[in-house]
Protein chains: 2
Amino acid sequence: MAGPITPVEGGTITTAQGFKAGATYVGIKTFSEDKMDMGMLLSDTPCSVAGVFTKSSLVSPSVTVNRETIAAGGSVRGLVVNSGIANAGVGEQGYIDAKEMAAVAAAGFGVKPEEVLVFSTGVIGVELPMTLIKKGVDEIELSDDGGNFLARSMMTTDTRTKETGVTINLGGTDINISGVAKGSGMIHPNMATMLCFVATDAAVDQDFLRFILPDIADSTLNMLDIDGDTSTNDSLIVLANGAAGNTTLTSSSEDAGAFKDALTEVLVQLTRQLAQDGEGASKLIVAEVEGARNLADARMAAKTITSSLLVKSAVYGSDPNWGRLIMAIGRSGAETVESNIDLYINGVCIMEAGKPVPFHRDAVVALMRGDEVTFGVNLNLADGRATSWGCDLTEEYVVINSAYTT
Amino acid sequence: MAGPITPVEGGTITTAQGFKAGATYVGIKTFSEDKMDMGMLLSDTPCSVAGVFTKSSLVSPSVTVNRETIAAGGSVRGLVVNSGIANAGVGEQGYIDAKEMAAVAAAGFGVKPEEVLVFSTGVIGVELPMTLIKKGVDEIELSDDGGNFLARSMMTTDTRTKETGVTINLGGTDINISGVAKGSGMIHPNMATMLCFVATDAAVDQDFLRFILPDIADSTLNMLDIDGDTSTNDSLIVLANGAAGNTTLTSSSEDAGAFKDALTEVLVQLTRQLAQDGEGASKLIVAEVEGARNLADARMAAKTITSSLLVKSAVYGSDPNWGRLIMAIGRSGAETVESNIDLYINGVCIMEAGKPVPFHRDAVVALMRGDEVTFGVNLNLADGRATSWGCDLTEEYVVINSAYTT
């Protein structure tokens, strides 16, 4: 019997038992007092691992190396990450550097290179400074509560870390699932986040973990849109080390569904944090679609709402311009019958059966001035439902992105 | 034998012979000195007609009425258009109003309702004020040089009219093809422009016109992206009245290809003007992709570049951040081989065979400070080539769209 999914106050990736993390500043990223640019995560024992990566046809060689490592089927002990340089668009040197980064980190950990995953995020087209990477591995001190340092070392244009953790009792054993993420621009489905690491002290069968992760990614990170762009480096990784001592979870376990729900909840929380910290964002946008013909239609409709620049601009201006919701739903590709559609803004019905409902405009504007704007859509056709997350579009987004390398 | 395609100085839709246009201000749109909000176009004689409409599943009933008119297969004499209100999202009244608008205009023209097309653009969710529409029909005076008035009456957030015309000699007869368009936000493939009307005094077989128009739209207006959104009202209409006295053009005419090229040129010019006047735009962006596996791949790659917010923001900042081009090409869905890719910015090679080329950064920044930024991409795989058009993303876009109805 599974207990409730309970948030862990101050949860970060090292909230899961048997994981240590640390970070340092080596000089890859422009210096600022509270920033770090290189981090590492180590499990005391070998982990089951699953990963979902960018669907871009032009990927960082670091992604290629991780795909190979995971495809080989062995267990993993840890990871190393740098921010500031993406290790992408540098020709064949990128693959050589990614392999060397894994080897250097593995030597630091005292494990094998094929047990270490490598991640880079930042500017495209610049080679990794391997001397600095080696210096970082020497300097980083791992600790049981180093998760926040790791989260900080991954940040690029992020204004805050993304960290969360939950605990759940499965069959009498408390297990932890916790994670960190980074990304605030170049975020769009396939994959949504640039980098997201999740650790759990549950014992989880690797095949089971790999079976459930793509589905979870599709309903969480892949339903996030900041600016419609997909990075060459986007990666989601889950490591499970079994330190909690539970009976290994498989697809036939009684608690398989409960574990999947708890892992989904961690990714929903990280997705929300990523959306809230979108480049220049002032508000979180949540689109909840129900009544769609099927799941695919619900996802298309929800994603089209949160990725529409006109919807995003209207939210920034606290403008209940519901015509833009109709426009977005109409172009989404989802099946619709206009006279069936109900629309809600933060719970207030503004369209019923395809016709505008007289609503108290000032009240809705006031609701939209809050930190979170929720669009509810009922297509009233069948049972498809989905949620997507995004953020508003502000002048600040343009300012940030028109002067990134200059 | 066809002569060269020659631009007509000051060309507008009434440059084509036998077409009259006019416009007025009736009070649908907020008043400003030089704006009009209702216009009409009439051909002296019946026209062959072809149309391409929005692919949104939620369309304005005006689009529905035009689809029915065109599907009925008869000839068309003219059109009526209003700006300020889109006649969309108003329930069944929208269809009734669209039919009445056609009937009122037809009575004004002295033709049948089924010979008149109707167009509306503006805010969604507000009913058309039919009394004002009737007043407009009474007031509008048609003239042989009224094309500019028609172009002005279609504008919403447009800052200038979009008008062009070309002439070409086909088999000894000079024919004119000319057009007007409007649209500066909610512009994205399927359809790209909100409203685009083209008139030609050539005699063109209706079946031939309908055969070539979708293909032309796909390589012009559907390769335009301002902000990724698709309107409920987007429409492209071509009317051919035969006033030039040429032998009717059909798919088997010697000059069929030359006519298609000339019509394409008119639409390229209007597409460029629409991109240049994108909401908040300061620069035109042109992406020219060659060497793709096929046409579909070339179009995907080109469109993804001009629709990427990160690319658009970089252009605004005159930032030669070519990593964002790689990102866009990679996520476009086009087949790529990284080590084959060449990139150019305004003709300067910045990547060759997948590797950055040392370029004079200040010189490229200076080139990017001009009115037009061209990205050249050679995927070096096969012969697929395509061009797309867009504009940069500026703070002004956000300002315009966060306060549209408020």
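Which residues touch the most other members of the largest nonpolar core? In this predicted model, the largest nonpolar core holds 268 residues, and those that touch the most other members are Leu79(A), Phe197(A), Ala301(A), Phe197(B) and Ala301(B). In soluble globular proteins, nonpolar side chains tend to be buried together. Setting aside residues up to four places away in sequence, Leu79(A) touches Met40(A), Leu41(A), Val116(A), Leu117(A), Phe119(A), Phe197(A) and Ile237(A).

The model has an ipTM of 0.77 and a pTM of 0.84. For chain A the average pLDDT is 91, and 95% of the residues score at least 70. Among the elements of chain A, the highest mean pLDDT, 98, belongs to strand β2 (residues 19–24), and the lowest, 84, to strand β9 (residues 224–225). The pLDDT is below 50 over residues 189–193 of chain A, a stretch with 29 contacts in the model beyond near neighbours in sequence. Where pLDDT is low, the predicted coordinates should not be read in detail.

Chain A contains an open sheet of seven strands with mixed pairing, in the order β9-β16-β11-β15-β12-β13-β14. Strands β9 and β14 (355–356) of chain A stand at the edges with a single partner strand each, so one side of each has no neighbour in the sheet. Pairing between β13 (residues 348–352) of chain A and β14(A) is antiparallel and runs over two bridges. In β14(A), Pro356(A) is the bridge partner of Met351(A). Helix α7 (residues 295–307) of chain A packs on the sheet, where it touches β9, β11 (284–292), β15 (372–378) and β16 (384–391) of chain A. The direction of α7 makes about 20 degrees with that of β16(A).

Elsewhere in chain A, helix α1 (residues 61–71) has the buried residues Pro61(A), Ser62(A), Val63(A), Val65(A), Asn66(A) and Thr69(A). These buried residues pack against β3 (38–53), α2 (93–109), β5 (116–123) and β10 (235–240) of chain A. After α1(A) comes Gly73(A), which has a positive phi near 90 degrees.

In chain B, Leu270(B) lies in helix α6 (residues 256–276). Leu270(B) counts as buried because 28 other C-beta atoms lie within 10 Å, where 20 or more are required. Apart from neighbours within four places in sequence, the contacts of Leu270(B) are Lys162(B), Thr164(B), Gly179(B), Ala181(B) and Cys196(B). Leu270(B) and Gly165(B) are 105 residues apart along the chain, with 9.5 Å between their C-alpha atoms.

Terms used
Residues numbered from 1 in each chain as written. Chains lettered and ligands numbered in written order. Predicted model: local features only at pLDDT ≥ 70, side-chain atom pairs only at ≥ 80, totals over all residues. Core = buried A, V, L, I, M, F, W, Y, C linked by C-beta atoms within 7 Å. Buried ≥ 20, exposed ≤ 12 C-beta atoms within 10 Å, placed from the backbone. Contact = placed C-beta atoms within 7 Å. pLDDT = per-residue confidence, 0-100. Helix = DSSP H or I, 4+ residues; strand = E, 2+ residues; numbered from the N terminus. Pairing = 2+ DSSP bridges. Axes fitted to C-alpha atoms, helices over the stretch in contact; angles between N-to-C directions.
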